[in-house]
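Could you look over the notes below with the model open beside you?

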Amino acid sequence: MSDKKTQDKKNENNQPEQESRRRFLKNSGLVTGGIVGGSLLGSFIDNPFTKDKTTSDKDEKSKKAFTETRMFFTRFEDFYVLEAAVERIYPEDDNGPGAIELGVPYFIDKQLAGPYGSNKFDYMKGPVQEVDVASSYQTLMSRGEVFIEGIRKLNAKSLKDHDEKFHELEGEQQDELLAAMEAGEIDLRGVTGTTFFNLLRQMTIEGAYADPLYGGNKNMMGWKMKEHPGIRPGYSDLIEEEEFQVIEQMSLRDYQA
Amino acid sequence: MAIKLDKVDVVVVGTGWSGGIPSAELTKKGYKVVALERGRDHDHSDFVGAKDELRYASRYEIMTDNSISTVTARGTSDDEAFPLRTQSENFEGNNVGGSSVHWSGVTQRGRKFDLEARSITIEKYGEDKIPKDMNLQDMGISYDELEPYFDQFEKTAGTSGEEDPMGPPRSDSYPTGPMRPSYPVKLFKEAATNLGYHPVMVPSANLSENYENPDGERINACQYCSFCMMYGCDFGAKSDPVATVIPTAKKTGNYEMRTESYVRRVLHKDGKATGVLYVDMRTGLEYEQPADVVVVAGYTISNTHLMLLSEIGKPYDPKTGEGVIGKNSAGLASPGGGATGFFEDKKFNLFMGAGSLGGTFSDLDSDNIDNSDVDFIGGGICEIRQRGSGPIGDNPVPKDTPRWGKEYKEKSLHYVNRMLSVGFMSPSFGWKFNYFDLDPNYTDMFNDPLLRITHSVTDQDRKYAEYFNDRAEEIMKEMGADIVEKDSLPEEWGHTQGYGETSGGVIMGDDPKTSAVNNYSQVWDMENLFVIGASSLPHKIPQQTGTIGALAYRAAEGIDKYLSDDSGLLVESKTNTLNA
């Protein structure tokens, strides 16, 4: 456990690595008042000197899968805010990994890039009304648009109140801003903060526990924490057991194979 | 503009139990039937290996597409209705088999009371017992008259059950034996017995053994795999139309099903239905399908919507209480009554289960309860269910736990296998002010007005819930829970519609002034039009699918009767003042 904890701490919020990358860019003067071109940034990320060190098992394990890459969010900063927010909603603790390690931010990114993110199966005709039913989705904005609006307003509020970006705040400060968003106290354009927060919360839970095929619930760690087997053909042989059954997890990849 | 097709004997709108049963019965008798299904084609092979909670339960894979149509919702006539935009706010089954595919499989029979609620209430307690503004009505058929059709439906479905000593009388035993009890179900049965009740296993369409029904269709034994309600069955072990009546109809050679065919109108002339107008959703082309008999057998929402759009029957007016189409929106905020228990020293295998695996008792149902000393009518069927938990959907925490963050995570992981709940399945009555009509502001993709639901909770609901919360609490304490929480009392309708719980709109009765269809599901005002489904229930019957199945068999018999000899009304109306 302690070994794992150290490892988890190191990866917390994926921040140290990102922080150092940003700090480097800042210190190098490349971003002061200028624009970092994609190719420059790309070549920087691919810079062999940033990888260095010993290629241990740990490094291999923390290496991102090809699918852990943004397909919806365009701005780095939006994604950092998202990472910080979902980690507060579902934090790492003694039970196991938090939302970031489970891959929740990439899960959300992929969902927003697909039909769910564009509300393909929802009724999107106006006019929108102000209603006092908190669970109601009353906006013509797609979920993807709601996320962008919500995340940017969350960060703007952070900058206004604390003069720091949301993902740079202390955990408790982040919680306060998230609670304000949940209560609808942060003004968004075209949608309520509560609607955004409910969606953020719900998709965080989904990302922690959906089949790993969607990019979250990494290595079925969400299911392991819940002592949920994920998928089994059936439990006909065990259904009458009184003892709690600890059953190894199986995902759709293995079930459909 | 619409392309006119060749006439058939019967056109059936919908392929769930309500449409599938008459389709099977009528094609077996040699009638040519065309079925129109707005959703996609699918069969058992689509569900093999499809154990994906996100896709089916969270993203509503086999539910209706709200971008085509949805409903609007409001509490009272004074409120402005707003559209239910997302599938988590409004859904019903889509595709072949409809809601009868994603159902959990609980196969209760309607009780004597459910069918003759008004007469029985007056007989037992006097007319004063009926609250002001409650539209309490009989269905124009007694339990004994409907019993053979219950039996027929259960034999088609292979219902697995255990003789219920307090349940309604049966002419025959269940076709298959009860499901096997899990530990929580055993705990429930012990506790209920200790309290003097008579618990049995929930009658189930998740079958306890392999079964071949009278039509030769095979249904497999349930594997207790937990992917059940909201899913099609991985093993072909849940009785649904895809496993039974649809293949039965297809085998006859007299059945043609057209999928992705969205019916917009029942066409009629001189008081008779002439056919339906539908859109091929792949091309957008409109077709007219003429038929001798039109059967509208969709879900409550679509049946009522179609009747209002087609301008058949008199729309209900909440001010005067006159008119019938749209009357009695019910089941939207069923009062229930229940309690949740958290156990510190026990962990249950809650990830196992099946939609209708559970224990139940009928001692306090509408037939057995004594309402003399309580301020509500009707009773409840008690249930504990072990549907099988989903990691996304099941995150139980005691009240006052934060919704997110460290404590939420900690507690939801701690209690996920330590929480059980017991509840009462309640009737939901019709009220003068709860109804459906056409929305004046919002339209569907064809620019037709959406269906508007007006629904609010009443004192009857709150008093009912209060009483049954207490009963559920007693049971949960007897089961040994460390923390017992009663359900909160219903304050207002949550403005959501789903799980196949909504009923009313085209209700059944013996009087054309107060009902839309007779007990053959034949429309009083249009004798060659039959409207089948939960729309015909004047009040929502707890666990209504069994009753709908029985009514569909009776309707099939009526349609045959209508076509073969007596065209005309199959039932004499109680009053002769037909509405224009």
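Here are a few points on the model, chain by chain and core by core.

This is a predicted model, in which local features need pLDDT of at least 70, side-chain atom pairs count only at pLDDT 80 or more, and totals for chains, interfaces and linings use all residues. Residues are numbered from 1 along each chain as its sequence is written, while chains are lettered from A and ligands numbered from 1 in the order in which they are written.

1. Chain B has 12 helices and 23 strands (DSSP runs, H or I of at least four residues and E of at least two, numbered from the N terminus). Its C-alpha atoms fill a box of roughly 70 × 55 × 50 Å along the principal axes.

2. Of the 580 residues of chain B, 62% count as buried (20 or more other C-beta atoms within 10 Å of a residue's own, with C-beta atoms placed from the backbone).

3. The largest nonpolar core has 165 residues (buried Ala, Val, Leu, Ile, Met, Phe, Trp, Tyr and Cys joined through C-beta atoms within 7 Å). B:V10, B:V294, B:V295, B:L529 and B:V531 touch the most other members. Helix α12 (residues 545-564) of chain B gives this core its largest share, 9 residues. Apart from this core lies another, of 46 residues, including A:L82 and A:Y106.

4. In chain A, 12 of the 17 residues of α11(A) are buried, so this helix is largely enclosed by the rest of the structure. Among the buried ones are A:F196, A:F197 and A:Y209.
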